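The following note is meant for a colleague who is meeting this structure for the first time. Please read the numbered points alongside the sequence and the model.

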Amino acid sequence: MTDELKDALSRIETETHNILAAAKSQNDQNRLAIARLDEIIALLTPKDNAGEPTLSELLAHLIAQGREQLILTRKAVDLLIDMQQNLPSKTVEALETHFSALAKA
């Protein structure tokens, strides 16, 4: 075997070792990330036998509450619009100035 061929094989072996080490490091990081995700899921998911709601039930409840809040907000805005139409114009201007300043804060 020639020296050039030996050098090339040596470089290939070294690079192969580097690639395998990088792959092992990546694999270790993936295992750690999966373990952490498993811990997070375990913390977020109630135990089946505890009689507690499941994660999907909790999420459904939160979504329902969000919808209820949206309905209440729309009703409040409608009420404010109705009130605004019945108020004197100077009062409306004062309210708009006050609320626009709050929105910018």
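1. I40 counts as partly exposed because its relative accessibility is 44%; the classes are buried under 20% relative accessible area, exposed over 50% and partly exposed in between, with a 1.4 Å probe and protein chains only. I40 lies in helix α1. Helices (H or I, at least four residues) and strands (E, at least two) are DSSP runs, numbered from the N terminus.

2. The model is predicted: local features need pLDDT of at least 70, side-chain atom pairs count only at pLDDT 80 or more, and totals for chains, interfaces and linings use all residues. Residues are numbered from 1 along each chain as its sequence is written, and side-chain values use heavy atoms, with hydrogens and water left out.

3. I40 belongs to a nonpolar surface patch together with L37, L44, L55, L58, L59 and L62, and the accessible area of this group is about 620 Å². The elements giving two or more residues to the patch are α1 and α2, the latter covering residues 55–86. The greatest contribution comes from α2, with four residues. Patches consist of residues with over 30% relative accessible area and no salt bridge; like charges are joined within 9 Å, and nonpolar side chains (Val, Leu, Ile, Met, Phe, Trp, Tyr) within 5 Å. Accessible areas come from the Shrake-Rupley method with a 1.4 Å probe, and for residues only the protein chains shown count as cover.

4. Which residues are linked in a network of salt bridges? They are K24, D28 and R31. A salt bridge requires a side-chain nitrogen of Lys or Arg within 4 Å of a carboxyl oxygen of Asp or Glu, and the count by this rule is two.

5. In the bridge between D28 and K24, the closest N and O atoms are 3.1 Å apart. Both residues lie in helix α1 (residues 3–44), separated by four residues, about one turn of the helix. D28 is classed as partly exposed because its relative accessibility is 35%, while K24, at 53%, counts as exposed.

6. D28 also forms a salt bridge with R31, where the closest N and O atoms are 3.9 Å apart. These two residues are three apart in helix α1, about one turn of the helix. R31 has a relative accessibility of 54% and therefore counts as exposed.

7. For the protein chain as a whole, the secondary structure comprises three helices and zero strands, in the order α-α-α along the sequence. Buried residues account for 2% of its 105 residues. The chain exposes about 9600 Å², of which carbon and sulfur atoms supply 61%.
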